Amino acid sequence: MEQFLAAEPGIALEYFTLADGRTLQPITGQWSSGSLVALCLAAHVGGVRLIDNVLVTLP
């Protein structure tokens, strides 16, 4: 994801983190099917700082 966003002109990625969807602690190690994961991102697009978190359940 970081490489994809870095290749886009006008986007300056501040952070992209995968976290446990229940505790929001950074994920280290492997994940298992059915895990709830938070995709956490902050980036500057033009003069605006965008922050978003999305919860996904791994298949």
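Colleague: How many salt bridges does the structure hold?
Modeller: Side chains of opposite charge can pair when their charged atoms come close. In this predicted model, E14 forms a salt bridge with R49. The number of salt bridges in the structure is 1.

Colleague: How far apart are the closest N and O atoms of E14 and R49?
Modeller: A salt bridge requires a side-chain nitrogen of Lys or Arg within 4 Å of a carboxyl oxygen of Asp or Glu. E14 and R49 form such a pair, and their closest N and O atoms are separated by 2.8 Å.

Colleague: Which strands hold E14 and R49, and how many residues apart in sequence are the parts that the pair ties together?
Modeller: E14 forms a salt bridge with R49. E14 belongs to strand β1, residues 11-20, and R49 to strand β3, residues 48-57. The pair therefore ties together parts whose separation in sequence is 35 residues.

Colleague: Does E14 count as partly exposed or buried, and what is its relative accessibility?
Modeller: Buried means under 20% relative accessible area and exposed means over 50%, with partly exposed in between. E14 therefore counts as partly exposed, its relative accessibility being 41%. For R49, which also counts as partly exposed, the value is 41%.

Colleague: What is the order of the strands in the open sheet?
Modeller: The open sheet has 3 strands with antiparallel pairing. β1 and β3 stand at the edges, each with a single partner strand, so one side of each has no neighbour in the sheet. From one strand to the next, the twist averages 15°. The order is β1-β2-β3.

Colleague: Which residue in β3 is the bridge partner of H44?
Modeller: Strand β2, residues 36-45, runs antiparallel to β3, and 10 bridges join the two. The bridge partner of H44 in β3 is R49.

Colleague: Which residues form a nonpolar patch on the surface?
Modeller: L50 is found in strand β3. With 43% relative accessibility, L50 counts as partly exposed. The patch has about 230 Å² of accessible area together, and its residues are V45, V48 and L50.

Colleague: What distance separates the C-alpha atoms of A6 and G34?
Modeller: A6 is found in helix α1, residues 2-6. At 60% relative accessibility, A6 counts as exposed. A6 and G34 are 28 residues apart along the chain, and the separation of their C-alpha atoms is 30 Å.

Key:
Residues numbered from 1 in each chain as written. Predicted model: local features only at pLDDT ≥ 70, side-chain atom pairs only at ≥ 80, totals over all residues. Heavy atoms only, no water. Helix = DSSP H or I, 4+ residues; strand = E, 2+ residues; numbered from the N terminus. Buried < 20%, exposed > 50% of the residue type's maximum accessible area, 1.4 Å probe, protein only. Patch = residues over 30% accessible without salt bridge, like charges linked within 9 Å, V, L, I, M, F, W, Y side chains within 5 Å. Areas by Shrake-Rupley, 256 points an atom, 1.4 Å probe, with all protein chains shown as cover. Pairing = 2+ DSSP bridges. Axes fitted to C-alpha atoms, helices over the stretch in contact; angles between N-to-C directions.
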